[in-house]
Amino acid sequence: MGEFFTISVLIATFASGVRLATPYLLAALGETLGQRSGVLNLGVDGVMLMGAFFGYWTVLETGSRLLGVLIGILVGLLMGVIYAIATLVFKADQGISGIGIFLFGLGFSELLFLEQVGTPRSIPSFEKLKIPLLGDIPKVGEILFNHTLIVYIAIALVPLLTWLINSTTFGLNVRSVGETPSAADSLGVNVNKIRTMTILAGNAMAGLAGAALTIQLGTFQNNITNGIGFIAVALVYFGGWKPGGVLAGSLLYGLLTAIITKWKTLGIVSGATASLTTMAPAVLTVIALAVIARRSTTTPTALTIPFSRGD
Amino acid sequence: MIFLRKFHGLLIPLGAVISALAIGALIIAILGANPFEGYLKLLEGAFGDGDALADTAVRAMPILLVGVGICIAFRAQVINIGGEGQIVSGALLSTVVALNLPDLPAIIIIPIVVIAGIVGGGIWGAIPGALKAYMGVNEILSTIMLNIVAIQIMNYLLRAPLIDPVEIERGTRIPQTERLSESSDLPILIDGTRFHLGVIIALVAAIIGWLFLWRTTLGFKVRAVGHNANAANYAGMPVKKMTMLAMTYSGAMCGLAGTVLVFGSQSHRLITDGSSLGFTGSAGFNGIVAALFGGLHPLWTIPSSFLFGGLLVGANAMQRAIQIPSSLVVGLNGLVVIFVVCSTNIRERIQRMITISEETTQSDTFTRTRATNG
């Protein structure tokens, strides 16, 4: 344990915690927007897998990470179209269609990977971009201001989304559609149009999260997300449906993952015990969900309820 | 119209599976293989001869058990995504029990391990059930998290306390238990195939599930709570208890699937590959697909499980013949789920259409009769 509590190891662990939090954060922010409009998208993990595969494949073929990220977003959008048709046009159960999307992404990302790539080959990872001045602050600079561009973008999305939800007409519409869709409808807000927009944006962000994950790791493997998408959905509850809360939750998960990884490499936990530490985030989530459920007055009232005019 | 009225319940799921297969054919063609040859090999591999049918039955068995549980949970409006974890916990408990039992005759030991599996899965279902009923925790999220927990507990147990001593001696350390007592092997019922007692257990469970839902008061209450929780509450039904019961029942069926998977396996031991998808073959998810496809009816889930078991067995044959990875079927299952849940709405529209047309015919007759009499 002693070798873990040295300044350099701690700083490295915190820094990688911030980095590992990024895919959680991107996916969970997209999900937040959707849930505020009353849509519970459980397919995030499947969308991430598809975004990850296509992002990886693009980088492998073209060498362009920017293109990889853009393709990830595009694939997310397309998956969003499927989900929007299912839940808004056919009013399918949101939870179960999400599981369908998950299986779809799980199966086809593996199929395409085996067919088009076969054995994992590494791709160039993102490059670090040290922020001038701030990055030179001792310790803090290393933890917060010496990251890749995607990390900064993800964090910048937090205030942006907070502003979008709380201070714009669009945000007001999103919230009203998530709370009392029939009232919003009677005031002339097109409920399904707003929901289409949040679903597409949310899925695009899930696709981006997948692409970010695979490029961060510099490789791809089957089921690469290993449940990150599902944890991202839980993080929205955890963060009380607020981007700031989601950021806190994502950082906690990133840090937890970083600590576990570090402990494994340092040999503090090894062999069988490592399995027990791997389940810590899941146990934490269940406990957190139970605690949050007790005081969940902030849950969007119309969450999971399809809207149709009383005809 | 009469045709529509009689068969739309059956046509829609078939339409869903055919559409999914059509999309699959398109994908196979894009990947540069012959979809017709692929599907032919798939059918042959799944249903071609006695051996294939036996393999399909064995593959369908855990899907059917999970599916029966899903029928009960979903009818109570409890979305149990925790099948994977419940299979693992049932398998673990029954394995631990079997490892600690003295050598007993099969007729005693098999019922004991079966009960252990039911209890193990039931506990893993009761936890999210209680969390939902009494604390309002979203069961979809809690069951998914509990899947991860169960799998990691299994990985831990199989690497340390339960590991086969031989693996430590040899230094190979494959995470698996020792071979379980031979008297606990589920007996093979058709010589020369893999068709074992587990298939019969699953069929009996499906019939019991049907009897429970439609022939017992408890089952009626479960359905009533799922249909309209407020009305059921007003009628004096214990809504929270029914939610918990449905989740526990569902978990118990998954746990039973876990037991049958371990004691009916060819290696006769519990083994993990350490991955999150493990030894279950995704039965926890495929069971959902089969149950939805069977219209959440335990008896209809029997043929639907055989269909999906067959698809999985056949996918391997297809992979060998045209080199299209069997993961295609996982993706197609996802599409089937999406199509089936979308079709609920279509079904309602058709039903409304039929009702309206019937009403018009009736009122027509009424007017005509009045006209002649008048």
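Helices (H or I, at least four residues) and strands (E, at least two) are DSSP runs, numbered from the N terminus. In this predicted model, local features need pLDDT of at least 70, side-chain atom pairs count only at pLDDT 80 or more, and totals for chains, interfaces and linings use all residues. Residues are numbered from 1 along each chain as its sequence is written, while chains are lettered from A and ligands numbered from 1 in the order in which they are written.

**Figure 1. Chain A and its overall dimensions.** Chain A has 13 helices and two strands. Its radius of gyration (taken over C-alpha atoms) is 20 Å, close to the 19 Å that the globule rule (2.2 Å times the number of residues to the power 0.38) gives for 311 residues, so chain A is as compact as a globular protein of that length. Along the principal axes, the C-alpha atoms of chain A fill a box of roughly 65 × 45 × 45 Å. Of the 311 residues in chain A, 50% are buried; a residue is buried if 20 or more other C-beta atoms lie within 10 Å of its own, exposed if 12 or fewer, and partly exposed in between, with C-beta atoms placed from the backbone.

**Figure 2. Helix H3 of chain A.** Helix H3 covers residues 65-89 of chain A, which makes 25 residues. The expected span of a helix is 1.5 Å times one less than its number of residues, so H3(A) should span 36 Å, and the 35 Å between its end C-alpha atoms agrees. After H3(A) comes Lys91(A), whose phi is positive, near 55°.

**Figure 3. The contact between chains A and B.** Chain A contributes 44 residues and chain B contributes 40 residues; two residues are in contact if their C-beta atoms, placed from the backbone, lie within 7 Å. On the side of chain A that touches chain B, at least two residues each come from helix H4 (94-116), helix H10 (228-238), helix H12 (272-278) and helix H13 (280-294). H4(A) gives the most to this side, with 16 residues. The residues on this side of chain A divide into 27 nonpolar, twelve polar and five charged. Here Ala, Val, Leu, Ile, Met, Phe, Trp, Tyr, Cys and Pro count as nonpolar, Asp, Glu, Lys and Arg as charged, and the others, Gly among them, as polar.

**Figure 4. The surroundings of Leu256(B).** Leu256(B) lies in helix H11 (residues 239-263) of chain B. This residue is buried, because 34 other C-beta atoms are within 10 Å. Apart from neighbours within four places in sequence, the contacts of Leu256(B) include Leu65(B), Gly90(B) and Ala205(B).

**Figure 5. Val336(B) and its contacts.** Not counting residues up to four places away in sequence, Val336(B) touches Ala16(B), Val17(B), Ala20(B), Val289(B) and Phe293(B). Together with Ala27(A) and Leu65(B), Val336(B) touches the most other members of the largest nonpolar core, which has 208 residues. A nonpolar core is a set of buried Ala, Val, Leu, Ile, Met, Phe, Trp, Tyr and Cys residues joined through C-beta atoms within 7 Å.

**Figure 6. Confidence in chain B.** Among the elements of chain B, helix H8 (residues 197-215) has the highest mean pLDDT (96) and helix H14 (residues 327-373) the lowest (74).

Conventions:
pLDDT = per-residue confidence, 0-100.
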